[in-house]
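This report looks at the open spaces in one protein structure and at the residues around them. Please keep the sequence and the model in view while reading.

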Amino acid sequence: MIRTRFAPSPTGHLHIGSARTALFNWLFARHHRGVFILRIEDTDQARSTEESTRAILESMKWMGLDWDEGPYFQSRRTAIYREHVDKLLGEGKAYRCYCDPDHLEELRKQALARGDKPKYPGTCRDLTDVHPDRPFAIRFKAPREGRTDVHDLIKGHVVFDNAELDDLVICRRDGTPTYNFVVVVDDVTMGITHIIRGDDHLNNTPRQILLYQAFNYPLPAFAHMSLTLGTDRARLSKRHGATSVMAYREMGYLPEALNNFIVRLGWSCGDQEIFSTAELIDKFSLEHVGKSAGVFNVDKLNWLNAHYIKQESDERMAQMLVPFLQKKGYAPDGSLDLVKVVRGLKERSKTLEEMAEKASFYFKDTLTYNPDAAAKFLTAPMADVFAEMIHHVESTGATDENELEAVFKRMQVERGLSLKQLAQGHRVALTGETASPGIYEVMAALGKEKVVRRLREAMAFIKSAGT
């Protein structure tokens, strides 16, 4: 049974790079009909917050990354870690280190100044006396000779010289275990078979392998993915724009689009660009994860999001649009057919935020006409045209798109006007601008009352302007 895990630290919102790690682990587990585990690595009590934990869980739920076990919290597993620390101490594979931290820090600075790699000098490595009255950390007694081989499913065969490794602190002076130690204990006790993570963890891997070997535990398979970079090839950060999943949700990206985008940052399947969730689960494999870094290109994300918006049903898009309208201060109250609003904007919008902006004219109580548009299209002859349209709409109550098209064609013939003059005149009167969805779609979405009121307001504007 394949068992993967995602283990974020709750020190902030879910980063796009971490979301990709979660997605790869989820897809690998789902592809192999295995188990996907969520573990919250909250041993850093000073920086871990409940708010960050909630944000991470909410982001994963929004992305559709459901977990089969967890969330487990490292802060609640102290007894398990203590048991493993005692085991290594009892077998002579770990030792108490009484060295003063300030002294060790000074030694570290001196080594760096010399250009040497800072390492613990092994002062307490062979001590046998126990000093219960003195504070101590606990270090793992790492081998000083030989090498540690990492057989990575993405990077290939990577070799580390044990002489370059250090006697890792596995338990601090205050009794709290350290990251590299608890990760091994967690992954073993949770039965993790495949550890898929960013290659910034690759240097931790030999230390963790040595701990596996010290416990006589079987090794999991390791797969280290390249990091996500900005367009300048630097590690993705806030200076490149939004970096959290929640930020993209708030900007109006669809989860399907974001998932499709981030899975392609380092994974490919031929020339295919667009994948349904079912296709991703079916096709995903580590063999097709590349070694080079993926570049976060927001233009590509916008293209994908526009595609998913077009493919989504009008009804679902209307529901999803509501909070973005509310954020702009508009409160859809049922007087407007939101499904028809969406239908006219889907082909023109890259995000829900952009769609809400383009839909603003539907909800305004009073329009402000674009001056150039008003001068060109809100002219005296149009007042009679608007009056005729008002009579038609009031008498028939119809704002059906097909019927409106027939009325426009009749007026075009009877009045000798071009369709552009008719359409643009009505468009400016009803939206304030010369660019909008099709005029029949606009009128159908606005409905009888708003169409009549706005045409009358346009007539009043024409009269007051004396055009």
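Helix H1 gives the most to the lining of the largest pocket, with five residues. The model is a predicted one, in which local features need pLDDT of at least 70, side-chain atom pairs count only at pLDDT 80 or more, and totals for chains, interfaces and linings use all residues. Residues are numbered from 1 along each chain as its sequence is written, and side-chain values use heavy atoms, with hydrogens and water left out.

A pocket is an open set of points, on a 1 Å grid over the protein atoms alone, where a 1.4 Å probe fits, with protein on both sides within 12 Å along at least five of seven lines, and lining residues have an atom within 4 Å of a point. A volume is the space filled by probe spheres set on the points, which are joined across faces, edges and corners. Helices (H or I, at least four residues) and strands (E, at least two) are DSSP runs, numbered from the N terminus.

| Pocket | Volume |
|---|---|
| Largest pocket | about 840 Å³ |
| Second largest pocket | about 590 Å³ |

Of the 33 residues that line the largest pocket, His-15, Ser-18, Asp-200, His-201 and Arg-235 are the closest to its centre. At least two lining residues each come from strand S1 (3–6), helix H1 (16–31) and strand S9 (194–198).

The second largest pocket is lined by 25 residues, and Leu-104, Lys-119, Tyr-120, Arg-139 and Asp-166 lie nearest its centre. Helix H4 (101–114) and strand S5 (137–140) are the elements that give two or more residues to this lining, and H4 gives the most, with seven residues.
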